[in-house]
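Trainee: I have a protein chain open on my screen. Could you show me how to read it?

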Amino acid sequence: MNYLLRFPGGRVRALTFSYDDGVTADIPLVKIFDDYGLKGTFNINTGLFYKGDDPLPDSYNTTVSRRMTREETYNLFANSSHEVAVHSLTHPELHQCPIERATYEILIDRINIEEMFGGICRGMAYPYGNTSDTAVKAIAASGIAYARTTVSTEKFDIPTDWLRMPATCHHKNPRLMELADKFLADPKSQPTTPKLFYIWGHSYEFCHDQNWDVIIKLAEKLAHNDTIWYATNIEIYNYVRDFYRLEVSCDGKIFHNPTNTDLFVAISKGEDGTVKIPAGETVRI
């Protein structure tokens, strides 16, 4: 008997966003996400907060952007549903750094984020998107669970190498809306593999390109859909990790869930066969 991953509630689709650098354009972007019920991850450099003595530009201006101050960053994310993740302390080319420097950049940024927000930070996006075996070793040694590159696949696959994680596409991709339609399309056959639509970028690009309508139109298309799980990067990582901890009998008819997360599986014939495996329980099909 075959079984496939389903997201919380038995959903077949998940949507997430990842935006880098901690700039003031994150403020209107977060508002758009909140207005449409979307969730994302914001990757910040805690060694590069704005510290200028000159009067601060309007943080809500959608035509210009700069790095946020520490206070602005805290006020934006402290009580939000979004994830704040590592982007390195000072945004170097990590793949060119010796392992000691790379580890320092990652670990100090993580420590600063945890001190700011009072939680555990386990996510990351590579500065400049470049990776290497040395960088991966530094990331793993720093307790990071996933790290996003700038590779875009134009696919909806669940990541398998979480420390070299690709995305579906950048928001500038000319096929963005076409990909959104493909993501929403009903499958022609059952069962279906789960779909993860992962979009990344920099919010300051909306200011530079004067195209905030791109993200608004995308939000309008994808929001308020019961078949989509709206999640942060770390929420998706945690759920997929827990799903693959399921213990299954050889004939595929007994499932034991050793985690503290309710998990969902599609059995043999897709949505009609979706089964909930409650946290800590054993289910016989």
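Mentor: We will go from the whole chain down to single residues. Keep in mind that this is a predicted model.

Trainee: What does the secondary structure of the protein chain come to?

Mentor: Count helices and strands to begin. The protein chain has eight helices and 14 strands.

Trainee: What box do the C-alpha atoms fill?

Mentor: Along the principal axes, the box is roughly 65 × 40 × 30 Å.

Trainee: How many of the 285 residues count as buried?

Mentor: Relative accessible area decides this, and buried means under 20%. Here 51% of the 285 residues count as buried. The protein chain exposes about 13,100 Å², and carbon and sulfur atoms supply 50% of that area.

Trainee: How should I read the charges?

Mentor: Start with the general idea. Side chains of opposite charge can pair when their charged atoms come close. Now the case here. The protein chain has 29 positive and 37 negative side chains. The centres of the two sets lie 6 Å apart. The structure holds 18 salt bridges.

Trainee: Which residue meets aspartate 35 in a salt bridge?

Mentor: Lysine 31 does, at 2.9 Å from N to O. Both residues lie in helix H1, residues 26-36. They are four residues apart, about one turn of the helix. Aspartate 35 is partly exposed at 49%, and lysine 31 is exposed at 51%.

Trainee: Are arginine 66 and glutamate 72 buried or exposed?

Mentor: Both are buried. Their side chains meet in a salt bridge, 2.9 Å from N to O. Now try another pair. Arginine 175 and glutamate 178 form a salt bridge at 2.8 Å, N to O. Arginine 175 is partly exposed, at 27% relative accessibility. Glutamate 178 is partly exposed as well, at 45%.

Trainee: Which residues are linked in a network of salt bridges?

Mentor: Asp133, Asp161 and Arg164 are linked in such a network.

Trainee: What do the buried residues of H1 pack against?

Mentor: Their partners are strand E2 (13-20), E3, H2, helix H6 (204-209) and helix H7 (212-222).

Trainee: Which residues other than glycine have a positive phi?

Mentor: Histidine 91 is one of them, with phi of about 65°. Histidine 91 sits in the loop between strand E4 (83-86) and H3. This histidine is buried, at 13% relative accessibility. Tyrosine 128 is another example, with phi near 70°. Tyrosine 128 belongs to the loop between H3 and helix H4 (133-141). At 48% relative accessibility, tyrosine 128 is partly exposed.

Trainee: Where is serine 203 found?

Mentor: Find the loop between strand E8 (195-201) and H6. Serine 203 counts as buried, at 0% relative accessibility. Now look for its partners, leaving aside neighbours within four places in sequence. Serine 203 then contacts Tyr19, Val23, Ala25, Asp26, Leu29 and Trp212. Asp26 and Leu29 are among the buried residues of H1.

Trainee: Which residues is methionine 116 in contact with?

Mentor: Methionine 116 contacts Phe49, Arg70, Thr73 and Tyr74. Methionine 116 lies in helix H3, residues 99-117. At 7% relative accessibility, methionine 116 is buried.

Trainee: Is lysine 51 buried or exposed?

Mentor: Exposed means over 50%. Lysine 51 has 69% relative accessibility, so lysine 51 counts as exposed. You will find lysine 51 in the loop between strand E3 (40-44) and helix H2 (70-77). Finish with a distance. Lysine 51 and arginine 245 are 194 residues apart in sequence and 45 Å apart in space, C-alpha to C-alpha.

Methods:
Residues numbered from 1 in each chain as written. Predicted model: local features only at pLDDT ≥ 70, side-chain atom pairs only at ≥ 80, totals over all residues. Heavy atoms only, no water. Helix = DSSP H or I, 4+ residues; strand = E, 2+ residues; numbered from the N terminus. Buried < 20%, exposed > 50% of the residue type's maximum accessible area, 1.4 Å probe, protein only. Areas by Shrake-Rupley, 256 points an atom, 1.4 Å probe, with all protein chains shown as cover. Lys, Arg positive; Asp, Glu negative; His and termini not counted. Charge placed at Lys NZ, Arg CZ, Asp CG, Glu CD. Salt bridge = Lys/Arg side-chain N within 4 Å of Asp/Glu carboxyl O. Contact = heavy atoms within 4.5 Å.
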